[in-house]
Amino acid sequence: MSSEIYKLYIPQIIVLLLGIIIISEYFLAVPTLGIISSWARELGILVFSAAMVVAVVGVAIRSIREIKRRTPGEWYFHIWLLIFLFSWIITGCVLTSAHTFYKWLFENFITALYQAMLGLCVFSLFTLFYRFKPRLQLESILLSFTAVITMICGVPIGEVIFPGATALRKWIIEIPVMAVERALMIVMALGVVGLCLRTILGLERSWLGILGALIPTYRRGEKD
Amino acid sequence: MIRTGRVTLFTLFLIYLAVALIFYWLGRRGKRFVLRRIPALDAIEEGVGRAVEMQRPVHWTAGHPRASKLYDATGAYLAAGFTILIRVAQVCMEKGARLLVSVGHPELYPIARDIVDTVYTLGGKPEEFRGENIVLVPEYSYLAAVIGRIIRERPATHIQTGYFWYQDALVLPEVARGEGCFNITGGQVTALPFLIVQSDYTLIADELFAASAQITGDPVLIGYIAGLDVIKGIMIALVVAGVTLASLGIQALSTLIKF
């Protein structure tokens, strides 16, 4: 169990120390705390970059395995994935992200794919009514009705069809929507602060994997 | 010493910390608090059971990698989402359901893999862990990749807990529903309207953050959650007082908060 203890308690001690420093730096005007917290943030980016490398290796291993197995309907996509993955890495490392070729790749592949994704989302919105038709629940009717009112009232023709449309839209957005959104935001912010404090104090261990999350259960089991 | 404009906030933070720690201490001393059952968490067993009966997999995802990062303010949603993954993996392992995990965040991929692997190992079924079911999907094509996976694999239950952009919150549960999935979701405020409409069960507001207390059943964590409810009461009192005073034209409370 000793390796598990190292795996659990060393990260917890680091998180506790860094958490206290970063929170203190937000409230207290002490220059040393500012330097340490800035260093801690840089360390975070470094750890993130290391995780990126782990992820790239993981993806490459999985893709090679799928190609070797000739998984039906998938393996040829993995060839494309590997080609593009390593093209990007090599281009980025050799030419850097400021190079014209890198920018060309970005604009002609990434931007185009991303716009296609947004188009899919917009299409999904437009077909909302059709898809909701088979299951007319109160919530979906309310959502659709509010969406149509706010959309129609937001364009010039809305005011022509129904004078006062702009005022109605403004009321919907500023009163009921805002009230509910703020209530949810306050509660969720409290939840976020609660989770962060639990993490810093070592009460919440799900980020350490299942071992951390189960520690209280083990302790209870030992007592019983 | 205390930064200007943050004195009241600091005081509120200390009150928050003190109340939470008092309840944590009470929990440690053996005081039992009752935590309301969270329907969305109970529904995980129902969803996995459905998947076993239909002989179809369970799918879980945490959200778009460009919308959230583990090291910024959105990281709390991801961490909370991973707590749900632990529960999903446990139930899948117990019932023998195939679990598909789609992760968009490179930094979370090793964590997701480790979580599922450890769940199966601790459950005594390490041979049933399939690493290839945990997939890192590309950042820019996250939505397309996850939609494609849902359509190809046709899971019986789709679970998404974490931080989502509008399009993820709207399209993913919709596609899953189109494939006949049982949807369980949870996310931040801006995603909630879409998630609620499209899902069978949704973790609303701070239910996502209270999940670990129900999952582990740890009295100490439940005590902490009870402390947060007291803080919520204090916040409601402050909001009511602020609204009343502001309506009467008295700006004392808003001035005090900015102090």
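Student: Which residue does A:R62 form a salt bridge with, and how far apart are the closest N and O atoms?
Tutor: A:R62 pairs with A:E66, and the closest N and O atoms are 3.8 Å apart. A salt bridge here is a side-chain nitrogen of Lys or Arg within 4 Å of a carboxyl oxygen of Asp or Glu. This is a predicted model: local features need pLDDT of at least 70, side-chain atom pairs count only at pLDDT 80 or more, and totals for chains, interfaces and linings use all residues. Side-chain values use heavy atoms, with hydrogens and water left out, residues are numbered from 1 along each chain as its sequence is written, and chains are lettered from A and ligands numbered from 1 in the order in which they are written.

Student: Where do A:R62 and A:E66 sit?
Tutor: They are 4 residues apart in helix α2 (residues 31-69) of chain A, so about one helical turn separates them. Helices (H or I, at least four residues) and strands (E, at least two) are DSSP runs, numbered from the N terminus.

Student: Is A:E66 buried or exposed?
Tutor: A:E66 is buried at 5% relative accessibility, and A:R62 is buried too, at 15%. Buried means under 20% relative accessible area, exposed over 50%, and partly exposed in between (1.4 Å probe, protein chains only).

Student: Ok, chain B. What does B:K232 form a salt bridge with?
Tutor: With B:D206, the closest N and O atoms being 2.8 Å apart. B:K232 lies in helix α9 (residues 219-247) of chain B and B:D206 in the loop between β6 and α8 (207-216), so the pair ties together parts 26 residues apart in sequence. Both B:K232 and B:D206 are buried.

Student: What about B:R177, which partner does that one have?
Tutor: B:D200, with the closest N and O atoms 3.8 Å apart. B:R177 is in helix α6 (residues 166-178) and B:D200 in the loop between α7 (192-198) and β6 (201-203) of chain B, so this pair links parts 23 residues apart in sequence. B:R177 is partly exposed at 21%, and B:D200 is partly exposed at 35%.

Student: How many salt bridges over all chains?
Tutor: The count comes to 13.

Student: Switching to the sheet: what's the strand order in chain B?
Tutor: β3-β2-β1-β4-β5-β6, an open sheet of 6 strands with parallel pairing. Two strands pair if DSSP finds at least two bridges between them. The edge strands are β3 (134-136) and β6, each pairing on one side only.

Student: And how many bridges between β1 and β2?
Tutor: In chain B, β1 (residues 58-61) and β2 (residues 99-103) pair over 4 bridges, in the parallel sense. B:V58 stands opposite B:L99 in β2.
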